[in-house]
Amino acid sequence: MIMPPRLRTFVLTAHVTFSLGWIGAVVAYLALVVAAMTSQDAQTLRATWIAMELTGSFAIVPLALTSLLTGLVMSLGTKWGLFRYYWVLISLVLTIVATGVLLEHMQTVSFFAGVAAETDSAHAGTLRGGLPGELLHAGVGLLVLLVIEVLNVSKPRGMTRYGWRKQHEQRTVSQP
Amino acid sequence: MSRSQLEPERETTTSTPPRTPRWVKVFGIIALVVALLFVISLLAGVRHGPGLHTPSGDAGGYTLPSSVIEGYTPPGGDLGGHG
């Protein structure tokens, strides 16, 4: 079903907002990770883990899910389709993988945030041990999101076999 | 935003399926390499999850607070994570 122009503009605006918001939230998360890694203060270390969990749970995860949802609506509600163009298909796969890894990894973040909330400075080493993993996950996640953004802005040429077949069928129907 | 950004152009009028673009092939190779590196890291025993970079795989020998243990479902089924 093709969306009417006004609805399409509304959904596109929402999709761009959520997607860029996701990138911004990951940048904020990375700033917390770097702050925790460079600080020698145990209180700062504990506070950043708690802030990282809040940022992940209340900003990154909702933005990721709404970005994925509005992306699906945009694809299915326009002539781009979901499987007709390589850039749409690759963006979809990367978004699903990024969201899946995010949801799985948030359990780890919640674990360390729980430790940070309940322990004293004597266990700062445990909290510090989790930071390299955070830098890796958030860094690679940001890289993937930037790749998706470039694909969505540039829309490189390339139609899938499925897209070609659909286009061929439509042309056959419209030109009997 | 131009109209072409909102709607696809008709890319092909040929009777044969289009070839896979070079940039898609490059993407596929990169994805394959990343997947292989991930599998190799898992096989090499690189830890993943709360036990990452800790010596014993049980969160560094640290006795976890009970509320943390109750509220946490580790990805690999144990507090050392999987891998």
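Q: Where does A:Thr119 lie, and what makes a stretch count as a helix here?
A: A:Thr119 sits in the loop between H3 and helix H4 (124-129) of chain A. Helices are DSSP runs (H or I, at least four residues), strands are runs of E with at least two, and both are numbered from the N terminus. A word on the ground rules: this is a predicted model, where local features need pLDDT of at least 70, side-chain atom pairs count only at pLDDT 80 or more, and totals for chains, interfaces and linings use all residues. Residues are numbered from 1 along each chain as its sequence is written, chains are lettered from A and ligands numbered from 1 in the order in which they are written, and side-chain values use heavy atoms, with hydrogens and water left out.

Q: Why is A:Thr119 called buried?
A: Buried means under 20% relative accessible area, exposed means over 50%, and partly exposed is in between (1.4 Å probe, protein chains only). A:Thr119 has a relative accessible area of 7%, so it is buried.

Q: Which label does A:Lys155 get, buried or exposed?
A: Its relative accessible area is 17%, so A:Lys155 is buried. This residue is in the loop between H5 and helix H6 (161-174) of chain A.

Q: What makes the phi of A:Lys155 worth a look?
A: Phi of A:Lys155 is near 45°, a positive value in a residue other than glycine. Most residues other than glycine have a negative phi.

Q: Why is A:Met37 called partly exposed?
A: Its relative accessible area is 33%, so A:Met37 is partly exposed. A:Met37 lies in helix H1 of chain A.

Q: What is the make-up of chain B?
A: Chain B has three helices and zero strands, running α-α-α from the N terminus. Buried residues make up 25% of its 83 residues.
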